[in-house]
Amino acid sequence: MVLKKADNIVTRKVMDETLLVPISGELASMDNLYSLNETGAFIWESLDGARSLAEIGGQLEQLYDINLEIIKGDVLEIASELFEAGLIVETVGH
């Protein structure tokens, strides 16, 4: 599955967290503010509409030297949460 960031999301880095703020019209929806840790931020930045979740998991494995099965579970969990929140969408044609 290949996913990409939704067009209406503003990203800001504050200290060690990455904040995702959905925008509706010209207004930020501060009631739906999302915070990502370092791993979540890596996954978020990797969701470019070109790389699959498996490829992103492989890159995380190389970066953190953690068991691939654990990483796959983490990638799927974070991607599912982002998808359900409408922060990412499936790339058409993949």
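Visitor: Let's start with α1 and α2: is the crossing right-handed or left-handed?

Guide: In this predicted model, α1 passes α2 in a right-handed crossing. The contact is made on the α1 side by Glu 38, Thr 39, Phe 42, Ile 43 and Ser 46, and on the α2 side by Ile 56, Gln 59, Leu 60, Leu 63 and Tyr 64.

Visitor: And the geometry, at what angle do the axes of α1 and α2 cross?

Guide: The axes of helix α1, which covers residues 38–46, and of α2 cross at roughly 140 degrees and come within 10 Å. That angle makes α1 oblique to α2, since only angles over 145 degrees would count as roughly antiparallel.

Visitor: OK, what about α2 and α3, how far apart are their axes?

Guide: For helix α2 (residues 53–64) and helix α3 (residues 68–84) the axes are 9 Å apart, and the two helices pack at an angle of about 130 degrees. α2 and α3 are therefore oblique to each other, and their crossing is right-handed.

Visitor: Which residues meet there?

Guide: From α2 the residues are Leu 53, Gly 57, Gly 58, Leu 60 and Glu 61, and they meet Leu 68, Ile 71, Val 75, Leu 76 and Ala 79 of α3. Leu 60 of α2 also takes part in the contact with α1.

Visitor: Switching to the backbone, what is phi of Asp 65?

Guide: Phi of Asp 65 is near 55 degrees, which is a positive value in a residue other than glycine. As background, most residues other than glycine have a negative phi. Asp 65 is placed in the loop between α2 and α3, and at 70% relative accessibility Asp 65 counts as exposed.

Visitor: Where is Met 15, and what about its phi?

Guide: Met 15 lies in the loop between β2 (9–14) and β3 (17–24), and its phi is likewise positive, near 55 degrees. With a relative accessibility of 73%, Met 15 counts as exposed.

Visitor: Staying with the strands, is Thr 18 buried or exposed?

Guide: Thr 18, which is found in strand β3, counts as buried because its relative accessibility is 5%, and the limit for buried is under 20%. Leaving aside neighbours within four places in sequence, Thr 18 is in contact with Thr 11, Arg 12, Lys 13, Tyr 34, Ser 35, Leu 36 and Ala 41.

Visitor: And Gly 25, where does that lie?

Guide: Gly 25 lies in the loop between β3 and β4 (27–28), and with a relative accessible area of 70% Gly 25 is exposed. Gly 25 and Val 10 are 15 residues apart in sequence, and their C-alpha atoms are 12 Å apart in space.

Visitor: What does Asn 8 touch?

Guide: Not counting residues up to four places away in sequence, Asn 8 touches Val 21, Pro 22 and Ile 23. Asn 8 is found in the loop between β1 (2–5) and β2, and at 35% relative accessibility Asn 8 counts as partly exposed.

Visitor: Then Thr 91, buried or exposed?

Guide: Thr 91 counts as buried, at 13% relative accessibility, and its place is in the segment after β7 (88–90). Beyond its neighbours within four places in sequence, Thr 91 is in contact with Val 2, Leu 3, Lys 4 and Gly 49.

Visitor: Last topic, rings: how many aromatic pairs does the structure hold?

Guide: The structure holds zero aromatic pairs. There is a charge to look at over a ring, though, as Lys 5 lies over the face of Trp 44, at 5.7 Å from the ring centre.

Definitions and conventions
Residues are numbered from 1 along each chain as its sequence is written. This is a predicted model: local features need pLDDT of at least 70, side-chain atom pairs count only at pLDDT 80 or more; totals for chains, interfaces and linings use all residues. Side-chain values use heavy atoms; hydrogens and water are left out. Helices (H or I, at least four residues) and strands (E, at least two) are DSSP runs, numbered from the N terminus. Buried means under 20% relative accessible area, exposed over 50%, partly exposed in between (1.4 Å probe, protein chains only). Contact means heavy atoms within 4.5 Å. Rings of Phe, Tyr and Trp (its six-membered ring) pair if their centres lie within 6.5 Å; planes under 30 degrees apart count as stacked, over 60 as edge-to-face and the rest as tilted. A charge sits over a ring if NZ of Lys or CZ of Arg is within 6 Å of the ring centre and within 35 degrees of the ring normal. Axes are lines fitted to C-alpha atoms, for helices over the stretch in contact, and angles run from 0 to 180 degrees between N-to-C directions. Angles under 35 degrees count as roughly parallel, over 145 as roughly antiparallel, 65 to 115 as roughly perpendicular and the rest as oblique. A crossing is left-handed if the near helix is turned anticlockwise from the far one by less than a right angle, and right-handed if clockwise.
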